[in-house]
Amino acid sequence: MKVRARYLFLMALVILGLGLSALAFAQDPTGAETLEANPQAPVDYVWVMICGFLVMFMQPGFAMVETGFCRAKNATNLMAKNLLDFVIGSLGFFIIGYSIMKGADKFGLFGTGPLFLLGGQYDVGKYLDFFWQLVFCATAATIVSGAVAERLKFSAYLIYSTCLSLFIYPIYGHWVWGGGWLSQLPFGMGHLDFAGSGVVHTIGGMVGLAGAIVLGPRFGKFAKDGKPKAIPGHSMTLAALGAFILWFGWFGFNPGSTFNAHHLRISVIAVNTNLAAAAGALMALITVFLKTKKWDVGMALNGVLAGLVAITAPCAWVEAWAAVVIGLVAGLVVVLGVYGLERLGIDDPVGAVSVHGFNGIWGLISVGLFADGTYGNYAITEPFARGLFYGGGAGQLIAQLIGAATAAIWAFVMGYIMFKIMDSIFGIRVSPEEELKGLDILEHGTPAYPNFYTINS
Amino acid sequence: MKVRARYLFLMALVILGLGLSALAFAQDPTGAETLEANPQAPVDYVWVMICGFLVMFMQPGFAMVETGFCRAKNATNLMAKNLLDFVIGSLGFFIIGYSIMKGADKFGLFGTGPLFLLGGQYDVGKYLDFFWQLVFCATAATIVSGAVAERLKFSAYLIYSTCLSLFIYPIYGHWVWGGGWLSQLPFGMGHLDFAGSGVVHTIGGMVGLAGAIVLGPRFGKFAKDGKPKAIPGHSMTLAALGAFILWFGWFGFNPGSTFNAHHLRISVIAVNTNLAAAAGALMALITVFLKTKKWDVGMALNGVLAGLVAITAPCAWVEAWAAVVIGLVAGLVVVLGVYGLERLGIDDPVGAVSVHGFNGIWGLISVGLFADGTYGNYAITEPFARGLFYGGGAGQLIAQLIGAATAAIWAFVMGYIMFKIMDSIFGIRVSPEEELKGLDILEHGTPAYPNFYTINS
Amino acid sequence: MKVRARYLFLMALVILGLGLSALAFAQDPTGAETLEANPQAPVDYVWVMICGFLVMFMQPGFAMVETGFCRAKNATNLMAKNLLDFVIGSLGFFIIGYSIMKGADKFGLFGTGPLFLLGGQYDVGKYLDFFWQLVFCATAATIVSGAVAERLKFSAYLIYSTCLSLFIYPIYGHWVWGGGWLSQLPFGMGHLDFAGSGVVHTIGGMVGLAGAIVLGPRFGKFAKDGKPKAIPGHSMTLAALGAFILWFGWFGFNPGSTFNAHHLRISVIAVNTNLAAAAGALMALITVFLKTKKWDVGMALNGVLAGLVAITAPCAWVEAWAAVVIGLVAGLVVVLGVYGLERLGIDDPVGAVSVHGFNGIWGLISVGLFADGTYGNYAITEPFARGLFYGGGAGQLIAQLIGAATAAIWAFVMGYIMFKIMDSIFGIRVSPEEELKGLDILEHGTPAYPNFYTINS
């Protein structure tokens with residue numbers, strides 16, 4: 001009996017190995033074979049593609065939020081940065097990033113494989129996965145531009161985007177989604193991050209924090225006694241438009257992360273995403289109102305984003321009431337984060353660190369608390385993830401804490417080193433004159449609004 | 001025979017009853033059972049979810065149209081209102097609204113059931129339906145902000161949003177879509193409202209009319225002799241952007257209302273939606289041009305929306321030429337409505353009452369005229385709806401008139417009572433100083449455009 | 001044997017003929033029969049419809065790009081033009097355009113059939129095709145408004161839109177996509193244009209070139225010595241928003257053109273679309289930087305669009321690295337085009353001719369070079385298209401060159417005649433006073449931004 005079991009086990013391994021290499025070397029550029037093997041594939045492809053389009057559409061969402069929260073004199077520069085991080089992300093991820101993230105695992109640390117989409121693998125499934133991973137990578141890249149806004153040189157931003165798309169993001173992404181060590185942690189089901197509270201948002205937010213620290217605050221942000229001064233953004237309508245676009249795009253980001261339309265669970269994910277966003281906005285609005293007696297729209301918009309970031313990791317594993325709680329906490333976290341960073345003398349013009357960095361961490365932790373045992377590891381079959389409040393013990397929570405700490409440290413340290421090296425070589429901050437005049441004219445030759453009389457605040 | 005028929009009838013009732021309770025208590029949080037029972041479900045889920053995302057995206061559409069048509073000094077306030085009605089709608093509909101709308105019918109008047117998504121029913125199908133109903137409810141809520149713009153207190157708006165999401169909308173929605181009395185009218189096929197010309201738009205528009213009347217006109221809207229004065233909005237580009245976004249989102253609103261991708265009729269619905277919008281715009285543009293010799297873009301944009309609102313009820317039951325006619329009439333209705341309300345001394349800053357209220361009524365009526373006997377009650381099998389012009393007699397038309405009158409009266413009366421009560425308790429209108437200065441600074445502490453020199457018109 | 005083969009061939013023709021007429025007269029308004037005949041149809045309908053919605057959403061993309069690149073004093077006018085071309089396109093294509101494009105072929109030159117959607121054919125499949133063709137036609141129409149911006153009379157624009165939607169576009173469209181002579185060229189697989197680099201973009205761009213030439217340059221565009229002067233647009237944020245929206249919408253435009261979700265090739269198309277856009281932006285940015293030492297955001301945005309236009313024809317037939325090359329060349333073409341036209345004294349305010357006209361041609365040609373033999377004529381089965389670089393010989397390239405030349409000549413000549421006739425009858429250019437004051441007030445009665453102090457540049 002024992003011999004036979006061992007034999008069967010070996011057979012299974014061989015079959016699995018053959019299957020995996022078959023997959024790895026699948027080359028079906030027409031899609032005909034894939035369709036024959038799985039006649040139900042079209043609805044999955046449609047789902048993933050359209051959700052991927054929505055994720056791509058988050059790019060103008062970020063662009064509008066960031067420019068709306070910043071001054072008119074830097075609007076062209078912010079458009080340039082938000083455009084170019086997507087451009088560089090697309091090309092860089094194609095050249096090497098994708099191989100590092102999803103190539104054959106080495107030591108649990110990174111993926112390996114030939115460049116250019118894993119050696120130009122010409123396969124409909126491979127292209128689908130590449131497209132999906134690409135728009136996620138570009139989202140992480142674009143988060144940083146908010147934190148370093150209004151003072152980072154454009155050339156430094158180009159280099160930063162390249163580093164993030166080629167190395168910082170894909171390596172951490174490999175740890176969680178590429179079969180790396182975090183996914184194999186011996187606690188709970190390993191570290192879980194459904195749609196990227198950690199992979200995308202904590203990474204983006206913490207690199208942003210590093211950038212904001214290396215750069216130092218903008219002129220006029222802090223009085224001589226260190227008291228922070230509000231620098232209002234130039235367009236509340238564009239900021240609101242951007243937040244709505246992000247909310248919309250997030251319905252691709254989270255539900256689409258099933259990567260499978262046959263998980264009808266997508267409806268639960270969408271509802272959770274929406275409720276957390278609403279709860280985050282309400283909590284942020286009320287918290288600031290209690291303090292200032294003003295209905296602060298900017299903070300409410302950041303509350304929306306905070307709720308969205310936080311629910312991104314747990315959205316597939318929790319039920320609706322938990323999504324509301326997660327969102328409410330997120331609304332609080334973003335307000336405390338914004339005030340806290342200001343007190344520390346750190347200038348994050350749009351609140352990106354609090355929204356993405358801190359709430360990414362909170363989102364990761366919340367999986368370990370609220371996962372309710374109804375969804376697995378991107379699977380609708382057992383085993384299911386279960387957190388502390390649903391009798392799952394502390395295992396999952398431990399895995400989440402390890403992953404969250406890893407994300408925060410990895411991103412902050414790598415970001416800090418990167419910005420410091422650049423700064424020591426060529427200086428990453430624009431000259432004081434340029435900062436006062438705005439980056440638009442000197443860097444780009446064009447003010448954003450030449451037909452309007454603007455106030456240079 | 002008679003005995004047997006009665007026996008069969010009773011059996012059918014029992015089976016139906018069991019089926020319904022099975023449905024009511026379905027608890028399939030993973031979605032695995034639902035998928036097994038209906039392997040074709042994924043494409044329906046994908047269709048409904050993505051259309052629901054598009055409906056959600058109508059929120060920034062409304063926000064941009066309304067702010068574009070209003071003055072810069074109230075732009076932050078309009079962003080706040082458009083954000084918060086969605087936030088409150090999401091949470092309020094989760095807490096109780098959904099139960100009232102879709103819970104077990106009581107007397108044909110309202111639904112009942114436990115709070116919090118019907119007692120936290122944890123089921124992929126239930127979440128899907130909740131998501132869909134939620135984004136529709138939030139659309140109704142956001143319509144009102146246009147009619148009461150530039151003078152309603154923010155706190156009053158928060159209370160109004162709560163009332164609408166919790167009671168006014170779900171109760172009328174129950175009458176039409178929740179199995180209530182309007183759906184059971186003994187005329188035609190009962191009152192029919194495919195995607196909500198009445199449920200969403202007449203309700204929103206008529207509550208808005210009540211608000212505009214209780215509030216009274218803005219300062220400067222009418223000269224001492226009662227002659228209306230145009231108060232131009234602050235951004236035609238944002239208004240146009242908003243109208244385009246709404247047009248786009250409406251392709252989720254109307255075709256998605258099949259709630260089923262297996263109704264290939266969705267193509268007919270999309271074509272009708274598009275043609276009515278185009279016809280509405282053209283008619284509104286030409287009508288105003290004949291009067292003023294100016295190509296009035298604002299009115300053309302409202303013509304688009306008028307056509308969209310009108311086609312919302314009939315879109316599934318009519319053919320393309322009828323959609324064009326319905327749109328042309330809608331374009332006329334909106335122009336006459338806007339001028340008519342002005343003549344009555346009622347100030348609706350963005351034309352929301354004419355666009356949504358009046359054209360919602362026209363849309364409901366048009367079903368009774370143009371329904372052509374090719375689509376049923378959300379079914380592609382007989383019986384099919386048939387209106388007056390297609391030999392269906394007056395039955396359907398009567399059902400439509402009853403429903404339209406009910407929607408208009410219910411919404412106006414409930415809205416009037418609500419705003420009057422609030423007004424008598426704490427006064428819903430901002431102070432004259434605040435109105436002149438704009439609501440942004442006093443209510444929210446932030447002007448929308450601090451980097452621009454603005455004209456306080 | 002020979003007799004039998006001939007017999008079989010005749011039988012096949014008869015069956016095919018019957019099948020085609022059955023298709024032509026299919027009248028399935030409920031969609032029930034279509035669903036029974038093809039139970040897999042829903043996912044195709046969902047795919048095509050949602051992609052069609054995305055294509056429609058390109059309308060505000062164009063509107064924002066064009067208005068952002070033009071001056072504030074003409075912003076209302078540009079909104080009007082971008083709205084009305086879609087309105088007129090929708091109605092005109094419904095009345096006659098669709099019959100000309102997709103009706104029964106006559107001499108390979110045009111389609112024939114009754115008006116109003118081929119005689120009001122009431123069929124879910126026909127409506128689906130009509131919707132798809134309609135949004136493409138409207139895209140071609142809206143391209144022109146950029147090239148003739150800031151000086152063309154609104155009435156002339158209405159007439160132009162009608163001509164293009166009714167004749168110029170549908171006739172050329174018939175040649176390529178309606179079974180006309182270009183699709184039957186005896187080279188390669190006949191002229192191939194997957195999603196319309198030629199049909200949509202070259203046609204739009206070249207009509208625009210004709211319009212720009214007939215109109216002449218704007219006041220102040222060229223100094224007395226002929227040296228061009230930059231006339232900066234009024235909102236870089238709106239221009240960037242528009243470009244992002246177009247990028248997003250293009251994911252409907254290209255992948256949706258399979259008209260079939262069972263072509264899993266859609267993933268390859270999406271990746272190619274994205275990479276070409278990114279490459280175009282990077283190349284345009286760098287090219288201008290090398291010349292001016294400024295990071296020119298406007299040119300980078302046009303580089304995005306250039307890459308998208310160029311990849312539109314080849315996207316289904318090439319692999320990722322080729323898409324990058326096609327995009328890089330496109331980025332160069334747009335920069336050279338913009339500078340070249342200026343040198344020729346032609347004023348194209350937003351670069352529409354270079355983006356759409358020239359890169360449309362480049363896109364068509366690229367099919368003949370890079371088609372790699374993995375996709376057929378909207379089919380995943382042989383025969384597959386193969387270009388020069390993949391051992392396909394010069395056949396396909398010749399077919400592409402013929403088609404490209406035809407598109408350019410047809411559009412330019414027809415556009416030139418149309419604008420010249422209009423000009424000789426009533427003058428298509430606004431008066432000098434109106435041009436200086438801006439078109440908004442005199443044509444539309446409303447400035448776009450009445451609450452802002454604007455600079456009349």
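In this predicted model, B:P383 lies in the loop of chain B that runs between α14 (352–370) and α15 (395–426). The peptide bond leading from B:E382 to B:P383 is cis, its omega being near 0°.

Loops of chain A show another backbone feature. A:Y378, in the loop between α13 (352–370) and α14 (395–426) of chain A, has a positive phi of about 55° although it is not a glycine. Its relative accessible area is 27%, so A:Y378 counts as partly exposed. A:K293 is likewise not a glycine and has a positive phi, of about 60°. This residue is found in the loop between α10 (266–292) and α11 (297–312) of chain A. A:K293 counts as exposed because its relative accessibility is 53%, and the cut-off for exposed is over 50%.

Attention now turns to helix packing. Two packed helices are described by the angle between their axes and the distance between the axes. In chain B, the axes of helix α3 (residues 41–56) and helix α7 (residues 124–147) come within 9 Å and cross at roughly 25°. The two helices are therefore roughly parallel to each other, and their crossing is left-handed. Residues making the contact include B:Y45 and B:F53 of α3(B), and B:L128 and B:W132 of α7(B). The contact residues comprise 13 nonpolar, 3 polar and no charged.

Finally, whole chains may be compared. Chain A is superposed on chain C by a rotation of 120° with 0.0 Å of shift along its axis (RMSD 0.0 Å). The two copies are thus related as by a three-fold rotation axis.

Terms used: Residues numbered from 1 in each chain as written. Chains lettered and ligands numbered in written order. Predicted model: local features only at pLDDT ≥ 70, side-chain atom pairs only at ≥ 80, totals over all residues. Heavy atoms only, no water. Axes fitted to C-alpha atoms, helices over the stretch in contact; angles between N-to-C directions. Helix = DSSP H or I, 4+ residues; strand = E, 2+ residues; numbered from the N terminus. Parallel < 35°, antiparallel > 145°, perpendicular 65-115°, else oblique. Left-handed = near helix turned anticlockwise from the far one by under 90°. Contact = heavy atoms within 4.5 Å. Nonpolar A, V, L, I, M, F, W, Y, C, P; charged D, E, K, R; others polar. Least-squares fit on C-alpha atoms with pLDDT ≥ 70 in both. Buried < 20%, exposed > 50% of the residue type's maximum accessible area, 1.4 Å probe, protein only.
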